[in-house]
Amino acid sequence: MAPSGSNNEQSGQTGIMSLRWWIVGIGIVWLLNAWLPELISPYFFQIIVLAGINVILSVSLNLVNGFTGQFSMGHAGFMSVGGYLSAFITTSLVASHPELMNDPVAGVVIFAISLIMGGIAATAVGYIVGLPSLRLRGDYLAIVTLGFGEIIRVIFLNTNAVGGARGLSGITKFTTFGAVYTAALITVFCIWRVVHSAHGRILVSIREDEIASTAMGVNTTEGKVRAFAMGAFFAGVAGGLFAHYLTTLNPGTFDFNRSFEVIIMVVLGGMGSISGSVVAAIMLTVLKEALRPLQQLTGVDLRMVIYSLVLIIMMLARPKGIFGTSEICDLFREKLSRRGKHPDGGSA
Amino acid sequence: MAEFAQYIINGLSQGGTYALIALGYTMVFGILQLINFAHGEVFMLGAFTGLYTSKYAGLAILGTFNRLLTGSAETASTGAAILTAIVIILVAMCVCAAVGFCVERLAYRPLRASPRINLLITAVGVSLFFQNAGQLLFGSDPKAFPDLFENLEPWTFGADENLIVINPLQVFVFITAITLMLILRHVIFHTRLGRAMRAVSFNHDLASLMGIPTNQIIAATFMMGSSLAGAAGVMVGMTYPKVEPLMGSLPGLKAFCAAVLGGIGNVTGAVLGSFILGLAEALLSGYGTPTYKDALAFTILILILLVKPSGLLGVNRTEKV
Amino acid sequence: MFLKNIFISLTFAGAASASPLFADTIKIGEVGSMTGSEATFGVSTHEGIQLAIKEQNAKGGIKGKKVELISLDDQGKPEEAAIATTKLISQDKVTAILGEVSSSRSLAMAPIAQQNKIPMVSPSSTNPKVTEVGDYIFRVCFIDPFQGAVMAKFAAETLKVKKVAILRDVKSDYSVGLSDYFTAAFKKSGGEIVVDQSYSSGEVDFNSQLTSIRAKKPDAIFVPGYYTEVGLIAKQARKLGIKVPLMGGDGWDSDKLYEIGGKALNNTFFSNHYSKDDQAPAVQNFVKNYKSAYNRSPDGLAAMGYDAAVILFAAIEKTKTGTNAEIRAELAKIKEFQAVTGKITIDEKRNASKPAVVLEVKDGKFLYKSTVNP
């Protein structure tokens, strides 16, 4: 069961979830942004940045799949909408006003605006995709979202303004470690606050029993569509970060395999656990690289085979994922209360 | 006019392929309410089984049948080719039934009591596993399916502008799809096994209270569904002689869309939906923009789910508390 | 193991561009799609590169040093290609990078190679934008505008056709690019494109597209796809009674083409880099050695992988100390280099300029028709 209750609500306001800690966190991120590239090899730096993007994707998908219990398989679609729109905005701005590039502040502002625009566009699409969920549930919804993802991909494939099959290239590399992790922190913060609010409990009630929840007077439709739209917003932002990191986009990048990848992260971390999603996203991004020596050893790339086996075995052995529906700090709290201490006061 | 007729023929033949896959899909969904994502991969395994059987044993089988029918192993006859094709299809069906049984036993049965989402995720996992293991096992390059019907000329009607061409293999696929649908209908509605399947599909717990061995029935359904996918794989391999490890995923998804269109869990609906989808794709390619062809199946799926979620021939089931 | 890697990288961070000739071996990195939906192209290229490395080492390596190939899989994903490139540069400290087949992934890799000033040679990325990324990025294949023009010229002058239909693979940047440039060039020479149809790679049924093409009665059909689909397209076209010639690009070059398409491929033509019947020793040795190493004949991508590696070796061989800047300079100076896929000259835009040959498919053989100079 979900750890919903007054305990969490309190800790949401007084503990690690209070705003000032997050501002401090963002400060640390920007300090690291200046130092980290000097400190570690570009390879690990790149893995860390991509892990951050994956964190945004998996936490935002967790809101839909984990907390609301709606199985979305179209996250790559939202990501591509955000990615393409923000990349389109910056590339056309840079092309029409090249002088903007010389001003770092203008660059950052344009980038931030383009990310938000991308997120808003993805939200709009998420809203449209969310509408069918008024009538559908479970497997049907899964395949419809997958279908939407594919439709979005085909549309980009046929849009010449963003290059069609040839893709959009020459995107300015705006994405930095700081940008990614700021966005990741904001994502985790927003989604944490949402799921630990009254809205969040509506979402959890939809997951636990939609019919009962309707009977209790909850507007489940609204809850579901909101969850979809919000998940899509952050996926769109992640897409924008991804586009400005890779500097090139191609519709093929956003096929349903990418959605599956994010799903694996959410499932592995635990559907309904934000920290689980964070941990799993980082773990899987790192694992992918850690398994590279195996490829060099055996000569064949076994990574995807291992991934799919992990997914199956996980479902068989521990279907609730690493953390289930609890969070890392819950585990701490449990430990403390077992020792006989009072769990109050934001132990982390 | 001839052009239009040709589109209809193309659409029906493409629909036949979808129908073969959709039949298995709809059976499994009907009994477990599970989108068996791995179904497309079983289809791929069927195609590979057929490929290797005909590569290594095809000539021997063909020779035997030729000798039986014409008295000489060298004289080619269409009858012998058809019989060989049927043997190869049977081999693939057996292998795929075994695969289906293993998948059900190892991956799906342990999860039967858990939420349906978990089953769905496992199905995605199994599908990914087969895709990637298939690439390692068979190699990722496309393989050419041996041509059994080399001497078979297409049937043509009219000439030049009004030429209408029918490929006998397409007719073979079409007839097989319809026949299998009729057999399945018979099994489901007129046999004890079918009655048990319907009961399990309606309610697992009640069915087992009535003394129906639910596990065996579900396993049997899976094996039937998978063997259908295997047959589909071989027939697609024969008609479109190119086999590769990733060939199953998109046709699988499209076939599922077709099954939903016709009313999921309903074998007649699956075939009907497949033909509609096939025709729609053919007409879109012919008169519209084929670049959107991949999106068509999903668009139809979304529309039908919004307008009539139970599909064309489906019955509405209300969910009770 | 992983932690140790991190430690090493922490200690030696930032020392990426030391002169490589101080090492015992020369490390060459390769990024390719060894798995995923485009694996078949990546694997062919990989085999060609491996063969080149084996032969070079048998000859005693470069400047007495063995060549070591570090190949990483990118699963056909651009971000994986980017990570793999960074790993090759910062962890494995490669001298140069070979890859990628597809332009979309080369475009993700090129900025990283350029930023680190590591020469990168792409075997078969045809999008003109790839080498525009910077002066360290090269390619050994044709670019789309040239190959499109070659086939347009062939269609207009040799086949003498006026009305051409196009059947393009809308999912592939290669096919889309080639179609666009073919259309432009063919229209310029007075021809007419009667219909522009499309499919997406992975499909198997092209009957409807072909029926609609048949209705427009073209004199020839241009199908600039990969051999994975073209065999089926040819087969279905002939079954539908389309007898006009089919034309294509270097994506056709594979034995699989005939295995799948069979006799339907008679009366089809495609542009390629070389003809296997070319008696030049470079070609004959390559075909022979490839057959003995992998037990099948090389396809076009294998030949390009081989050439990318060979040209890179030649450039490294010519340098004095083997620094990246020197290799880059030598690569840019490559002129009339007799490679498998023709006499390659690297032009000022770092593209390979070499003649194209047009081949005719006849009963499983690729017969030489004509040569078109750039």
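This is a predicted model: local features need pLDDT of at least 70, side-chain atom pairs count only at pLDDT 80 or more; totals for chains, interfaces and linings use all residues.

Analyst: Residues are numbered from 1 along each chain as its sequence is written, and chains are lettered from A and ligands numbered from 1 in the order in which they are written.

Chain C is divided into domain 1, covering 2-142 + 280-355, and domain 2, covering 144-272; these bounds come from an automatic or database domain assignment. Taken over C-alpha atoms, the centres of the two domains of chain C are 30 Å apart. Eleven residues of domain 1 and 13 residues of domain 2 of chain C form the contact between them, two residues being in contact if their C-beta atoms, placed from the backbone, lie within 7 Å. On the domain 1 side of chain C, two of these residues are nonpolar, seven polar and two charged. Here Ala, Val, Leu, Ile, Met, Phe, Trp, Tyr, Cys and Pro count as nonpolar, Asp, Glu, Lys and Arg as charged, and the others, Gly among them, as polar.

Chain C also contains an open sheet of five strands in the order S2-S1-S3-S4-S5, with parallel pairing. Helices (H or I, at least four residues) and strands (E, at least two) are DSSP runs, numbered from the N terminus, and two strands pair if DSSP finds at least two bridges between them. Strand S2 (66-73) and strand S5 (137-139) of chain C are the edge strands, each pairing on one side only. From one strand to the next, the twist averages 25°. Strand S1 (residues 25-32) of chain C is joined to S2(C) in the parallel sense over eight bridges; C:Glu30 has C:Ser71 in S2(C) as its bridge partner.

Helix H4 (residues 103-115) of chain C lies across S1, strand S3 (96-98), strand S4 (120-122) and S5 of chain C, and runs at about 160° to S4(C). Axes are lines fitted to C-alpha atoms, for helices over the stretch in contact, and angles run from 0 to 180 degrees between N-to-C directions.

Helix H12 (residues 300-318) and helix H13 (residues 324-333) of chain C pack at an angle of about 120°, with their axes 8 Å apart. H12(C) is therefore oblique to H13(C), since angles under 35 degrees count as roughly parallel, over 145 as roughly antiparallel, 65 to 115 as roughly perpendicular and the rest as oblique. C:Ala315, C:Ile316 and C:Lys318 of H12(C) make the contact with C:Ile327, C:Glu330 and C:Leu331 of H13(C). By class, the residues in this contact of H12(C) with H13(C) are four nonpolar, no polar and two charged.

Finally, chain C meets chain A through 32 residues of chain C and 27 residues of chain A. On the side of chain A that touches chain C, the elements giving two or more residues are helix H3 (42-67), helix H12 (274-290) and helix H13 (292-298) of chain A. H3(A) gives the most to that side, with six residues. The side of chain A that touches chain C has twelve nonpolar, eleven polar and four charged residues.
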